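The report is meant to be read beside the sequence.

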Amino acid sequence: SHCRWEGESFLNCSFTGMSTVPEDASPTAILADFSHNNIKTFLCTDGRKEEWALKHLNLSNNLISELSLTTCGNFPVLETLNLNGNAIRTLTLDTPMPTRGSKAYGEVDGLLPALKVLSVESNNLNRIPRGLGLLPSLQTVRLSSNSIRQVEPSDFQNCSQLRDVGLQNNKITEVRADAFRHLNKLQVVVDLRQNALATPLSEILISLNLFRLEVGSSNNAW
């Protein structure tokens with residue numbers, strides 16, 4: 001491939017014109033940049049069984065339209081995942097529950113156990129990805145500049161470590177009651193600017209249950 005090493009741990013594959021992540025990409029890299037290419041699909045395992053040492057993965061500005069993170073067991077220490085500037089319509093995080101009676105019934109392993117930052121800005125999402133609560137270390141989720149229309153009570157369920165939510169520049173018309181109520185560690189901002197909100201700000205604040213929180217809400221319908 002045309003990837004180049006910058007130092008011992010940074011694998012730079014940006015602006016190489018690649019359409020797939022190369023099979024010879026080293027699992028020893030700590031930071032890998034595959035941005036600004038023509039990658040249409042990315043499979044975490046992709047036939048590889050070894051665990052990667054990656055902490056930071058940049059797949060921004062590619063052509064990815066669908067992505068599943070349900071098979072990412074070989075990224076045990078990944079902390080940041082940048083998917084900005086793709087064409088993602090569907091981001092799958094939740095896994096089907098095992099069949100009743102099977103050995104694994106009632107057990108769903110957490111995905112990407114170390115992931116702290118998930119950024120999916122400037123894509124084609126029309127709803128918040130299901131299963132964010134399966135990312136046990138998630139602190140920041142950035143979903144601005146998509147086509148998300150509402151925030152449901154289940155969207156951030158079990159996101160116990162979440163501190164920062166970016167939802168600006170979507171098509172959100174409604175934030176359902178209790179959508180953020182159980183996010184006890186929210187401390188930075190819920191950014192709802194540039195949406196189509198008709199929900200009064202007071203109701204959003206009540207649902208947040210955290211009056212010290214900064215809520216960005218300008219350029220809405222009220």
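The sections below take up these topics in turn.

## Basis of the report

This is a predicted model, in which local features need pLDDT of at least 70 and side-chain atom pairs count only at pLDDT 80 or more, while totals for chains, interfaces and linings use all residues. Residues are numbered from 1 along each chain as its sequence is written, and side-chain values use heavy atoms, with hydrogens and water left out.

## The disulfide

A search of the whole structure finds one disulfide, a term that stands for a pair of cysteine sulfur atoms within 2.5 Å. The bond joins cysteine 3 to cysteine 13, with an S to S distance of 2.0 Å. Because the torsion about the S-S bond of cysteine 3 and cysteine 13 is about 115°, the disulfide is right-handed. Cysteine 3 lies in the segment before strand E1 (4-6) and cysteine 13 in the loop between strand E2 (10-12) and strand E3 (31-33), so the pair ties together parts that are 10 residues apart in sequence; strands (E, at least two residues) are DSSP runs numbered from the N terminus.

Both cysteine 3 and cysteine 13 are buried, where buried means under 20% relative accessible area, exposed means over 50%, and partly exposed lies in between (1.4 Å probe, protein chains only). Cysteine 159 also counts as buried, at 4% relative accessibility.

## The cavity

The count comes to one cavity of 30 Å³ or more, a cavity being a set of points on a 1 Å grid over the protein atoms alone where a 1.4 Å probe fits but cannot get out. The largest cavity has a volume of about 50 Å³, taken as the space filled by probe spheres set on the points, which are joined across faces, edges and corners.

Its lining residues, which have an atom within 4 Å of a point, include Phe42, Cys44, Leu57 and Leu112. The lining of the largest cavity divides into 12 nonpolar residues, no polar and no charged, with Ala, Val, Leu, Ile, Met, Phe, Trp, Tyr, Cys and Pro counted as nonpolar, Asp, Glu, Lys and Arg as charged, and the others, Gly among them, as polar.

## Salt bridges

The structure holds five salt bridges, each a side-chain nitrogen of Lys or Arg within 4 Å of a carboxyl oxygen of Asp or Glu. One of them pairs arginine 4 with glutamate 6 (3.7 Å, N to O); arginine 4 is partly exposed at 37%, and glutamate 6 is partly exposed at 38%.

Arginine 176 meets glutamate 152 in a salt bridge (3.1 Å, N to O), a pair that links distant parts of the chain, 24 residues apart. Arginine 176 also forms a salt bridge with glutamate 174, the closest N and O atoms being 3.8 Å apart, and shared partners join Glu152, Glu174 and Arg176 into one network.

Note on methods
Helix = DSSP H or I, 4+ residues; strand = E, 2+ residues; numbered from the N terminus. 1 Å grid on protein atoms, 1.4 Å probe; cavity = no way out; pocket = protein on both sides within 12 Å on 5 of 7 lines; lining within 4 Å.
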